[in-house]
Amino acid sequence: MTAAVSEGARVSEGERRMPAERLRPFVAPYDGYRLAGFEPGHHVGMPSPYLTVILAIGPKLEISQSPRQGACAFESLASGISAEPVTIAHDGNQHGIQLSFTPAGPRALFGIPTSALGDWMVDLPEVLPGADELLDRVGTASSWDQRFDVVDDILSRALTEQQVEPTLTEAWRRLVEGGGAVRVGEVASDIGWSRRHLINRFAAEFGVTPKDSARIARFHRSHRILRRPVVPRLSEVAAECGYYDQAHMARDWRDLAGASPSQWRRDEKFAFIQDAFAFIQDAEE
């Protein structure tokens, strides 16, 4: 799937492709992006219910502010699940690949649970064998297909047989992939665990409690909708995402994003091509 927009000197280009078949249980579709000619500024990296990997092509990814690590920079990074945003400084240009792991991905590809990263960002070579080769080959590839082929190759080589307990995977599916609309007690009852046991086992594997994961998932769903070119009324977004009302959604946004939805829409100037992908994906689901 390809998308590209050119407005005068501005270029917004992206590509999405499914991973190799054997990797699909562990990694969501690859997202490549290239943006050029925008005004320098800042972009908010929003909380996500997934372990995220970013490969910068060219200059490092500059984090100007983060809750745990302050200012830092990465050629490639892996980040655990966080309920707090980070601020990314840019000179009007960004180029790279973003990956989102499924619950099974960190164990299968890194040999560690998601909780091992907590809500920190680390250099990718700390957790992925072959990460330096990955960056070198992606940086010299001349097309998105070639870059994604390199990602397929390195991740396939890193693949192990480590697995997440199926009951935890099911709890994750209910709580996170359902958009945060299901109550924790209901999930615990359905999988045959006590609420306390679910909370302890879930946090030990994923680094967040079931309640926090559901909250982040609900926020993530609303963020995807608010990234669309045309956005429904905020009251409709709140209802669709399982909030009690628009005020409830606004409180969550202030806690998790540092701004209300309307303020974020007004202030976010660096429009990522993934916005179009989010709209297409929502339409297909």
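User: Does glutamate 205 count as buried or exposed, and at what relative accessibility?

Analyst: The label comes from relative accessible area with a 1.4 Å probe and protein chains only: under 20% is buried, over 50% is exposed, and in between is partly exposed. Glutamate 205 has 6% relative accessibility, so it counts as buried. The model is predicted: local features need pLDDT of at least 70, side-chain atom pairs count only at pLDDT 80 or more, and totals for chains, interfaces and linings use all residues. Residues are numbered from 1 along each chain as its sequence is written, and side-chain values use heavy atoms, with hydrogens and water left out.

User: Where is glutamate 205 placed, and which residues is it in contact with beyond four places in sequence?

Analyst: Helices (H or I, at least four residues) and strands (E, at least two) are DSSP runs numbered from the N terminus. Glutamate 205 belongs to helix H6 (residues 195-206). Contact means heavy atoms within 4.5 Å. Apart from neighbours within four places in sequence, glutamate 205 is in contact with Arg107, Pro113, Thr114, Ser115, Val164 and Leu168.

User: At what angle do helix H2 and helix H3 pack?

Analyst: Axes are lines fitted to C-alpha atoms, for helices over the stretch in contact, and angles between N-to-C directions run from 0 to 180 degrees. Helix H2 (residues 131-140) packs against helix H3 (residues 144-158) at about 165°, and their axes are 9 Å apart. H2 is therefore roughly antiparallel to H3, a label for angles over 145 degrees.

User: Which residues make the contact of H2 with H3?

Analyst: H2 contributes Glu133, Leu134, Arg137 and Val138, while H3 contributes Arg147, Val150, Val151, Asp153, Ile154 and Arg157. They divide into five nonpolar, no polar and five charged. Here Ala, Val, Leu, Ile, Met, Phe, Trp, Tyr, Cys and Pro count as nonpolar, Asp, Glu, Lys and Arg as charged, and the others, Gly among them, as polar.

User: What is the relative accessibility of arginine 137?

Analyst: Arginine 137, in helix H2, has 30% relative accessibility and so counts as partly exposed. Neighbours within four places in sequence aside, arginine 137 is in contact with Val150, Asp153, Ile154 and Arg157.

User: What is the order of the strands in the open sheet?

Analyst: Strands of a sheet pair through backbone hydrogen bonds, either parallel or antiparallel. Two strands count as paired if DSSP finds at least two bridges between them. The open sheet of four strands runs E4-E9-E6-E7, with antiparallel pairing. Strand E4 (41-45) and strand E7 (72-74) are the edge strands, each pairing on one side only. E4 pairs with strand E9 (residues 86-90) over five bridges, and glycine 45 stands opposite valine 86 in E9.

Notes. Parallel < 35°, antiparallel > 145°, perpendicular 65-115°, else oblique.
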